[in-house]
Amino acid sequence: MQRPLSLLELNQLIQQCLDANLAPSYWVIAEIGEFRDSPRGHAYLELVEKSNKSILAKIRANIWSYTYRGIASRFTSITGQNLKAGMKILAQVSIQFHEVYGLSVNIKDIDPNFTLGEKARKRQETIDLLTKEGLMDLNKQFILPKVPQKVAIISSANAAGYGDFINQVEHNRNHYKVHCKLYQATMQGDQAVDSLILAIQQIEADLIKENFDLMVIIRGGGAQLDLDCFDDYELAKAIACTSLPVVTGIGHERDESIVDMVAHTKMKTPTAVAEFILSGFRNYEDLLEGHFKQIERHVAYQLQKEDRKISNLEHLLKSISQNQIQRGKDTAEMLKQRIISQSLHLLKIKSNELQHLDSGMKRTFSNILSNERLRLDTLSRDLNRLDPYTFLKKGYTRTEIKGKPINNLTVKKGDELTTYTLSKKINSIINTIEENEQ
C-alpha cells in the first residue's frame with residue numbers, strides 16, 4: 001500500500017506538478033462573472049465560460065493593486081468604460097495554487113482591443129437578431145401624432161437632461177401646453193435595463209386611462225460606460241414592441257445606440273426632444289393658419305359671388321314684382337268693373353223679383369184678410385148665439401146650485417137655488433120636485 005499523504009503534502013504535490021508542467025502565463029478568453037474592488041486596491045474576479053447561459057467552466061482570479069491601476073487606466077482610456085461583470089475579456093494569466101485557498105489565476109494584463117471587438121461583435125449580433133425578428137422598424141410604423149399633448153417620459157427625476165426637457169417644454173415662447181408624466185427609471189449601471197423595461201411595462205399598463213400620445217426616453221450625457229445598457233437586446237425589443245411611438249434623447253454624440261435604432265425617432269439631447277415635440281405644435285398651428293387663410297379666401301370669394309347673385313336676384317325680383325303688381329292692378333280694375341256690372345244687373349233682377357213678390361204678397365194678404373174677416377164674422381155670430389146673455393135677453397133664466405148648473409146635478413128637497421135673469425139674482429129653496437113629462 002502506498003504511503004498516505006497529508007492534505008498539505010497533496011496540495012504541495014499539485015503545486016509542484018503545476019509549476020513543472022505549465023507555462024509561466026497564458027492568454028485566456030473568458031467572461032467576468034463577478035467583479036469587486038478591495039479597500040487595498042486589489043481586484044477580485046470570477047472568470048466563467050458560458051454556452052447558452054450555462055456555465056461550462058469557472059475559476060477565481062485576482063489583479064494585484066499595482067498591476068490593477070495600470071490595467072484599469074489603459075482599459076478605460078481605450079474602451080471608454082471600466083472593467084465590470086458581464087464583460088468578455090482577453091487576459092494574460094498565470095496559474096496559482098495555494099495550499100489553503102486552492103486554484104486561482106493572477107491576471108497580469110488585459111487586451112482592451114479584444115473587448116472592443118467583442119463588444120462590437122455582440123452589438124452586431126443584437127442588431128442582426130432584431131432585424132431577423134422584424135423588430136428594427138416595427139416602432140417606426142406608427143404615425144406620429146400631429147400634436148403630442150400627452151407624453152410618457154422615462155428618465156430619472158434627478159437627471160439634468162430631464163430638467164432641461166421640462167424647462168424647455170414648460171417655458172416655450174408659444175405657451176403650448178404639454179402634459180408630461182414621469183416614469184422613474186435607473187438610466188445607467190447594472191440595474192438600468194430591468195428598470196427601463198419595468199418603466200415601459202408601467203406605461204403600457206396605464207395607457208388606457210392616461211391615453212398617451214408619445215413615449216420619450218431621455219437622459220443627460222455621460223461616459224461611454226454609462227450608455228452600454230442602451231445596446232441591450234431585451235430593452236430594444238421592449239421598445240420595438242411598445243404600443244406608442246418612441247422618441248429617444250439619450251444625450252451622446254457617439255454612434256447611435258441600438259435603442260436609438262429601434263425607436264421611432266432619435267434626437268441627440270433631451271432639449272432636442274422637447275423642441276421636436278414643440279415643433280409638432282408649431283407645424284400644426286401653421287397648418288391651421290394656412291387652412292384658415294384658405295377658408296377666409298374661399299369665404300370672401302363665395303360672399304362676393306353670392307352678393308352679386310343676390311344683387312341680380314334683387315333686380316330681377318323688383319322687375320317681376322313691378323310687373324306682377326301692375327298686372328294685379330289691371331286684373332283688380334277689370335274685376336271691379338265686372339263686379340259693378342254684375343252687381344247692377346243682379347240688383348235690377350232682384351228689384352224686379354221684389355216688386356213681383358210685393359204684388360203677389362199684397363194679393364195674398366188681401367185674400368187672407370178677406371177670408372179671416374169672413375171667418376171672424378161667422379165666429380162672432382156663433383159667439384153671440386152662444387152668449388148666455390143672449391138667452392137671458394130672450395127671457396130665459398139660469399139656475400145653479402153652489403155655482404153648478406142643476407141639469408148636471410141631482411137635486412133634492414131643501415137645496416138652495418140661485419136663479420139668474422137678465423137683471424136679477426134670485427135665491428130660493430126647493431120645496432117640491434116633480435117630473436116634467438114632455
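**Exercise 1.** How do the residues of the lining of the second largest pocket divide into nonpolar, polar and charged?

*Solution.* The structure is a predicted model, in which local features need pLDDT of at least 70, side-chain atom pairs count only at pLDDT 80 or more, and totals for chains, interfaces and linings use all residues. Residues are numbered from 1 along each chain as its sequence is written, and side-chain values use heavy atoms, with hydrogens and water left out.

Step 1: take the pocket definition, which is an open set of points on a 1 Å grid over the protein atoms alone, where a 1.4 Å probe fits, with protein on both sides within 12 Å along at least five of seven lines, lining residues having an atom within 4 Å of a point. Step 2: list the lining of the second largest pocket, which consists of E34, R36, Y44, L45, E46, R60, A61, N62, W64, Q96 and S104. Step 3: with Ala, Val, Leu, Ile, Met, Phe, Trp, Tyr, Cys and Pro counted as nonpolar, Asp, Glu, Lys and Arg as charged, and the others, Gly among them, as polar, the lining divides into four nonpolar, three polar and four charged residues.

**Exercise 2.** Describe the largest pocket by volume and lining.

*Solution.* Step 1: the largest pocket holds about 1,600 Å³ of space, a volume being the space filled by probe spheres set on the points, which are joined across faces, edges and corners. Step 2: its lining comprises 37 residues, and E31, G86, M87, K122 and D232 lie nearest the centre. Step 3: among the elements (DSSP runs, helices being H or I of at least four residues and strands E of at least two, numbered from the N terminus), α3 gives the most to this lining, with nine residues. Step 4: by class, the lining has 10 nonpolar, eight polar and 19 charged residues.

**Exercise 3.** Which angle and axis distance describe the packing of α5 and α6?

*Solution.* Step 1: α5 and α6 pack at about 15 degrees with their axes 9 Å apart, where axes are lines fitted to C-alpha atoms, for helices over the stretch in contact, and angles run from 0 to 180 degrees between N-to-C directions. Step 2: α5 and α6 are therefore roughly parallel to each other, a label given to angles under 35 degrees. Step 3: V193, L196, I197 and I200 of α5 make the contact with E234, L235, A238 and I239 of α6, contact meaning heavy atoms within 4.5 Å. Step 4: the residues of this contact divide into seven nonpolar, no polar and one charged.

Note on methods: Parallel < 35°, antiparallel > 145°, perpendicular 65-115°, else oblique.
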